[in-house]
Amino acid sequence: MSLIKNPDEISSCRRTLKLTVQFAVDKTGIPGRQLFRKWVKAALAEPAEIVIRIVDLAEGEALNCKFRSKHSATNVLTFVYHNDTPLVGDIVLCAPVIHREAEQQCKDLMAHYAHLTVHGVLHLQGYDHMNDEDAAVMESLETKIITGLNYPDPYVIQ
């Protein structure tokens, strides 16, 4: 379910963003704060306070195990603390998983980071992909945002 009534609100809404980016890994090959801010703002439809934390495999696996009972790291985890205004939440990106996926899927690394950042921001706003209908809505919106940032459609196999 979406908290956004009209997906066009994402690009037209005035928004306030407090963004913190934490690097728990070597920054080599990882986007900088300015790119993360650009990607978050492209997907954000309302004021928000967001922390993006880039982690290694050990931290990624520990978080995924603790909060999702999965015993491996995943590419992105989103934690919503409240969805009042402003939204407050964390997005955790696991750098080694993202790098591996980009290589395996022949995707540009920055495009993959952009996609997963947008994906996390949409989760913060109430989007999900638990069923086919919700997944179609979320994927369509991700594609619109990502291609609007001049990256290729993340759902087209290259």
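Helix 5 and its two neighbours

Visitor: Where do helix 2 and helix 5 meet, and at what angle do they cross?
Guide: In this predicted model, the axes of helix 2 (residues 33-43) and helix 5 (residues 109-124) come within 9 Å and cross at roughly 45°. That angle makes helix 2 oblique to helix 5.

Visitor: Right-handed or left-handed crossing?
Guide: Helix 2 passes helix 5 in a right-handed crossing.

Visitor: Which residues in helix 2 meet helix 5?
Guide: From helix 2 they are L35, F36, W39, V40 and A43. On the helix 5 side they meet M110, Y113, A114, T117, V118, V121 and L122.

Visitor: How does that contact divide into nonpolar, polar and charged?
Guide: The contact of helix 2 with helix 5 has 11 nonpolar residues, 1 polar and no charged.

Visitor: Aromatics next. How many aromatic pairs in the whole structure?
Guide: A search of the whole structure gives 4 aromatic pairs. One of them is F36 with Y113, an edge-to-face pair at 6.2 Å centre to centre, with 85° between the planes.

Visitor: Which parts does that pair tie together?
Guide: F36 lies in helix 2 and Y113 in helix 5, so the pair links parts that are 77 residues apart in sequence.

Visitor: Switching to helix 6. How do the axes of helix 5 and helix 6 cross?
Guide: Helix 6 covers residues 132-148. Its axis and that of helix 5 come within 10 Å, crossing at roughly 130°. Helix 5 and helix 6 are therefore oblique to each other.

Visitor: And the hand of the crossing where helix 5 passes helix 6, right or left?
Guide: Right-handed.

Visitor: Which residues make the contact?
Guide: Helix 5 contributes A114, H115, V118, H119, L122 and H123. Helix 6 contributes M138, L141, E142, I145 and I146.

Visitor: What is the split by class for the contact of helix 5 with helix 6?
Guide: There are 7 nonpolar, 3 polar and 1 charged residues.

Visitor: Now confidence. What is the mean pLDDT of the protein chain?
Guide: The mean is 90, and 90% of the residues reach 70 or more.

Visitor: Where is the pLDDT below 50?
Guide: Residues 1-6 are one such stretch, with 15 contacts in the model beyond near neighbours in sequence. Residues 10-14 are also below 50, and that stretch has 11 contacts beyond near neighbours in sequence.

How values were computed: Residues are numbered from 1 along each chain as its sequence is written. This is a predicted model: local features need pLDDT of at least 70, side-chain atom pairs count only at pLDDT 80 or more; totals for chains, interfaces and linings use all residues. Side-chain values use heavy atoms; hydrogens and water are left out. Axes are lines fitted to C-alpha atoms, for helices over the stretch in contact, and angles run from 0 to 180 degrees between N-to-C directions. Helices (H or I, at least four residues) and strands (E, at least two) are DSSP runs, numbered from the N terminus. Angles under 35 degrees count as roughly parallel, over 145 as roughly antiparallel, 65 to 115 as roughly perpendicular and the rest as oblique. A crossing is left-handed if the near helix is turned anticlockwise from the far one by less than a right angle, and right-handed if clockwise. Contact means heavy atoms within 4.5 Å. Ala, Val, Leu, Ile, Met, Phe, Trp, Tyr, Cys and Pro count as nonpolar, Asp, Glu, Lys and Arg as charged, and the others, Gly among them, as polar. pLDDT is the predictor's confidence in each residue, from 0 to 100. Rings of Phe, Tyr and Trp (its six-membered ring) pair if their centres lie within 6.5 Å; planes under 30 degrees apart count as stacked, over 60 as edge-to-face and the rest as tilted.
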